[in-house]
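Good morning, and thank you for joining. Please look at the sequence and the model on the screen while I go through the annotated domains, the ligand site, a pocket and some backbone details.

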Amino acid sequence: MLGLIFIAAVIHTSSSANVASNTNMTKSLKVLVSSKDFPESGMQVLKEHFTVLQSRYINFGEEGLTKNREELLNLIPGCSALVWVSHHPITKELLDRAGPQLKIVSTVSAGYNHCNVPELKARGIKLSNTPNVLSAAVAEIAVALMLGTARRFTENLEQVRRGEWEIGFDKVLGQDIAGSTVGIIGLGGIGQAVVKRLHGFEVGRFLYTGHREKPEAKDLGAEFVNLDSLLTQSDFIVLAVPLTDETRLMINKTTLAKMKKNAILINVGRGELVDQDALYDALKNKDIYAAGLDVTSPEPLPKDHKLLTLPNIFVLPHIGSATVHTRDSMAVLAAKNVVNALNGKPLLTPVLE
Ligand code: DGY
């Protein structure tokens, strides 16, 4: 018994020693965090292991493209990892400035269309993202947009603001989710989370499309169909696919024309999945019923953009993953990917390894 305790103590001591020596070994490695608003939870993980540099600016909007861009170019030389906190593109210029010791880019997002994958690949730099931890939050926003568009929140809120409520039994009639057909384009983590959340809404049918059938679909009660069938049969169409060359502008004049007159389009993927001019025409002419967008192109959408003049649209400023808990989980996962990459361990959520 004593012998076992001794062996356990030796194993424990030597593994703590390993962690300590790994931490000591990595402490001299520099990690750059691209935005001053990266959550403290992620900073703590990074600071335990590395020397952490952080931009004094935010990596979003104008500031991200101006002051912050300069700051990052100054800070990145000699860094071994870059934690990327926004959707601004990762430029060749920044990678050149970093130097050959840059081992990993860890983007704090599920989407990685902004990460210049071919350039990272060519340079042998690893890339990780933060999928799964945000699926619930983004799915909640998709459902919120479904409700907001089906029940005409934009028009109704306007009426309340103006103090001019429409009255009568047939006022501002909307559509039901109950009994409807919901089509999900992209039954990945977010698409599946949407279906799970809608199970209590008594949806009539769930359809989905994508490259291949998903094993999870059976338990979710979702039928695999081709894109055309989904477009022609669905009352709600939820876009939950990544932005790639294949998916860019997949919702356009032609695909919009295949949708039902009462169709509601929801986009929680990326703005560039949709041809916004064609969407404007379809909404204006009432070829489809409504659209709910958490993502647009560009972001922010200018306040005088023609889409915002329409009553049958509900636009949010890309807040899919914006909850305290989810942003913390994203930050910690992004930091842990850096810890693994710089300790020669497999990435937890690899895009390029
Ligand atoms: C993502 O993670 O890609 C979402 O758009 C939130 O940033």
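**Domains, ligand and pocket**

UniProt, in an unreviewed entry, places the feature "domain: D-isomer specific 2-hydroxyacid dehydrogenase NAD-binding" at residues 143–320. UniProt positions are given here in the numbering of this chain, feature names are shortened, and annotations may be inferred rather than shown by experiment. This is a predicted model, in which local features need pLDDT of at least 70 and side-chain atom pairs count only at pLDDT 80 or more, while totals for chains, interfaces and linings use all residues. Residues are numbered from 1 along each chain as its sequence is written, and side-chain values use heavy atoms, with hydrogens and water left out.

The span 143–320 is 30% helix and 16% strand, and its end C-alpha atoms lie 11 Å apart. Helices (H or I, at least four residues) and strands (E, at least two) are DSSP runs, numbered from the N terminus. From the unreviewed entry also comes the feature "domain: D-isomer specific 2-hydroxyacid dehydrogenase catalytic", at residues 37–351. For that span the figures are 38% helix and 14% strand, with 24 Å between the end C-alpha atoms.

Let me turn to the ligand. Which residues surround the ligand? They are His87, Ser109, Ala110, Gly111, Leu134, Arg270, His318 and Ser321, where a residue counts if one of its heavy atoms lies within 4 Å. This shell divides into two nonpolar, five polar and one charged; Ala, Val, Leu, Ile, Met, Phe, Trp, Tyr, Cys and Pro count as nonpolar, Asp, Glu, Lys and Arg as charged, and the others, Gly among them, as polar.

Consider distances to ligand oxygen atoms. A polar side-chain atom of His87 lies 3.0 Å from a ligand oxygen. For Ala110, a backbone N or O atom lies 2.6 Å from an oxygen of the ligand, and for Gly111 the corresponding distance from a backbone N or O atom is 2.9 Å. The ligand taken alone exposes 230 Å², of which the protein buries 89% (Shrake-Rupley method, 1.4 Å probe).

Next, the second largest pocket, with about 240 Å³ of space. Among its 18 lining residues, Glu155, Lys286, Tyr289, Pro311 and Asn312 are the closest to its centre. Two or more lining residues come from each of helix H7 (135–150), helix H8 (153–162), helix H13 (276–284) and strand S12 (313–315). H8 gives the largest share, three residues. By class, the lining holds nine nonpolar, four polar and five charged residues.

Finally, the backbone. Where is Pro298 found? Pro298 sits in the loop between strand S11 (290–293) and S12, and a cis peptide bond with omega of about 0° joins Ser297 to Pro298. Pro300 lies in the loop between S11 and S12; the bond joining Glu299 and Pro300 is cis, with omega about -5°. Asn132, in the loop between strand S5 (126–128) and H7, has a positive phi, near 70°, in a residue other than glycine.

Notes. On a 1 Å grid over the protein atoms alone, a cavity is a set of points where a 1.4 Å probe fits but cannot get out, and a pocket is an open set with protein on both sides within 12 Å along at least five of seven lines; lining residues have an atom within 4 Å of a point. Grid points are joined across faces, edges and corners, and a volume is the space filled by probe spheres set on the points. A polar contact is a pair of N or O atoms within 3.5 Å; within protein, one must be able to donate a hydrogen and the other to accept it, and residues adjacent in sequence count only if both atoms are side-chain atoms.
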